[in-house]
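These entries record what I looked up, in the order in which I looked.

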Amino acid sequence: MTLFTLLDYASVLVFALTGALVASRAQLDIVGFCFFASLTAVGGGTLRDVLLDRNPVFWIDRPSYLGVACGAALLVFVSAHLFESRYKVLVWLDAFALAIAVAAGSGVAQSLNHSAPVVLVMGIITGSMGGLMRDVVSNEVPLVLKQGELYVTCAFAGSAATVIASHFGLTPSLVAITCAAVTFTLRAGSMAFGWSLPVYKSRPPRV
Amino acid sequence: MTLFTLLDYASVLVFALTGALVASRAQLDIVGFCFFASLTAVGGGTLRDVLLDRNPVFWIDRPSYLGVACGAALLVFVSAHLFESRYKVLVWLDAFALAIAVAAGSGVAQSLNHSAPVVLVMGIITGSMGGLMRDVVSNEVPLVLKQGELYVTCAFAGSAATVIASHFGLTPSLVAITCAAVTFTLRAGSMAFGWSLPVYKSRPPRV
Amino acid sequence: MTLFTLLDYASVLVFALTGALVASRAQLDIVGFCFFASLTAVGGGTLRDVLLDRNPVFWIDRPSYLGVACGAALLVFVSAHLFESRYKVLVWLDAFALAIAVAAGSGVAQSLNHSAPVVLVMGIITGSMGGLMRDVVSNEVPLVLKQGELYVTCAFAGSAATVIASHFGLTPSLVAITCAAVTFTLRAGSMAFGWSLPVYKSRPPRV
């Protein structure tokens, strides 16, 4: 099993947990949990594979990804009521999943010798699109739209770390760790300490 | 014309009717009717073909699918005011379309010798994604989110019927009929008699 | 650089401006601006390329498209507060982008010798899907749903102009100009003078 397969499994697992948590907020049945878990888990990577014309798509090649997603859904179905704030658990798990998926997405594009901008975009797509599909389908406000929080920015920075670390000749494993660490640190800092970039204001404050 | 082509035509026709009914609820013009009819009609099958890398996509190969969808749109445009409850007609037509599309999706994946999990997922995707796109774009609450109703579950059970019936050597036509019957029966039972699976509750009732 | 590459660049630029304007309405940071600008700018053309199985997708082949989109995002980020009504600017820019993208989408399908219905659909998809993704992700009411305004109709008419003009042997440049002119004129007329098609009413008025 290659590094990227392993990263895909890890991000599938954690994204599936977030999808199942969204299903719990919508009070769905177990099949609804599996649906949202799978959509979230494989959405970003599927888009990456379709855009890069990788055949077959990763979970068609190894359907056990779907088993992992449904296992995660079952776990949440029987245990989510134990958590006081499911939304808080959701956004923190989403941060982990984002970090891993950005590493998987940018790493795959890098390994296929794509140009730096494509590596950047594939990291962002793989990291954020599964969660975006989850939020759009479930009528939640997409995390990418949350004001005053870094989200796509973290994916961008992580993908940039992949490009830079590869340029300096790090091994793929070290590149992936660097990328995930940068992504997660930024996202965690944004959630815990309010790190943010200046947002657009319709009228800038007078100096 | 093969069995699956025929099933695709049937599901395109019925899904197009549901798409046009949504357009009627949004009070669009005839081109808006054709847009929603076509999006709903070919959405699920298009996703199936892109994921399975079937080239060309079914409606690019046979554009008459789009003619069927637009014909259905026109029919609804001139006649939908005759129905007392367009929403009721919509959900029952959607149930028919779901049944046919699940048979088409799982059958195509089965005929391409994909593994059982991929057959299951392709049945679910082909059955539910066109309607999901319709609901997301038109700002209706997706049918997959309706509490206390079976929806994805019906697609799952129908696809499972395809896998099992194929395993026992039924002919493709019988497999498709079995799949569609299972899917429709479950969906109809859910709508008419309230059949459902237990849903997740944030706090389970005390024993 | 071919005609269609040029058209793709132009539609990327103008659609990116509209995406960035949506980001400004959501008060995002600069990365959020680039995200919405890129999604809107390449969304429709990406769907066209995936459906037509054109490999690689246009912006993977030439990542400078993404540079154009991010440049447009930056421009809007620093200047959008100068406009009194950003929504008005947005819908007029969207009309320009629609016209160019319909010409690019229908022209590419025509140049690949696809049938007339496929040319029509590719014009509509390339023209409207980027903006639709922008609106769905940002929770704005999709322009395709606006009552009493022509939108998909303009894309349809423009694509039809491509088919007809090609049939009469016009050069690709003239075909593209005709298509864009038809699309923009209809859209502008609809916005400025209220041109529309009759919409569906649940109960038609008595005669």
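I began with helices, taken as DSSP runs (H or I, at least four residues) numbered from the N terminus, with strands being E runs of at least two. I took the expected span of a helix as 1.5 Å times one less than its number of residues.

I noted that this is a predicted model, in which local features need pLDDT of at least 70, side-chain atom pairs count only at pLDDT 80 or more, and totals for chains, interfaces and linings use all residues. Residues are numbered from 1 along each chain as its sequence is written, and chains are lettered from A and ligands numbered from 1 in the order in which they are written.

**Helix α1 of chain C.** I found that α1 (residues 3-25) has 23 residues and should therefore span 33 Å; its end C-alpha atoms lie 34 Å apart, which agrees. After α1(C) comes C:Gln27, with a positive phi near 55°.

**Contact of chains A and C.** I counted residues as in contact if their C-beta atoms, placed from the backbone, lie within 7 Å. Chain A gives 25 residues and chain C gives 22 residues. On the side of chain A that touches chain C, α2 (30-51), α6 (116-137) and α7 (152-167) each supply at least two residues, and α6(A) gives the most, with five.

Methods. Contact = placed C-beta atoms within 7 Å.
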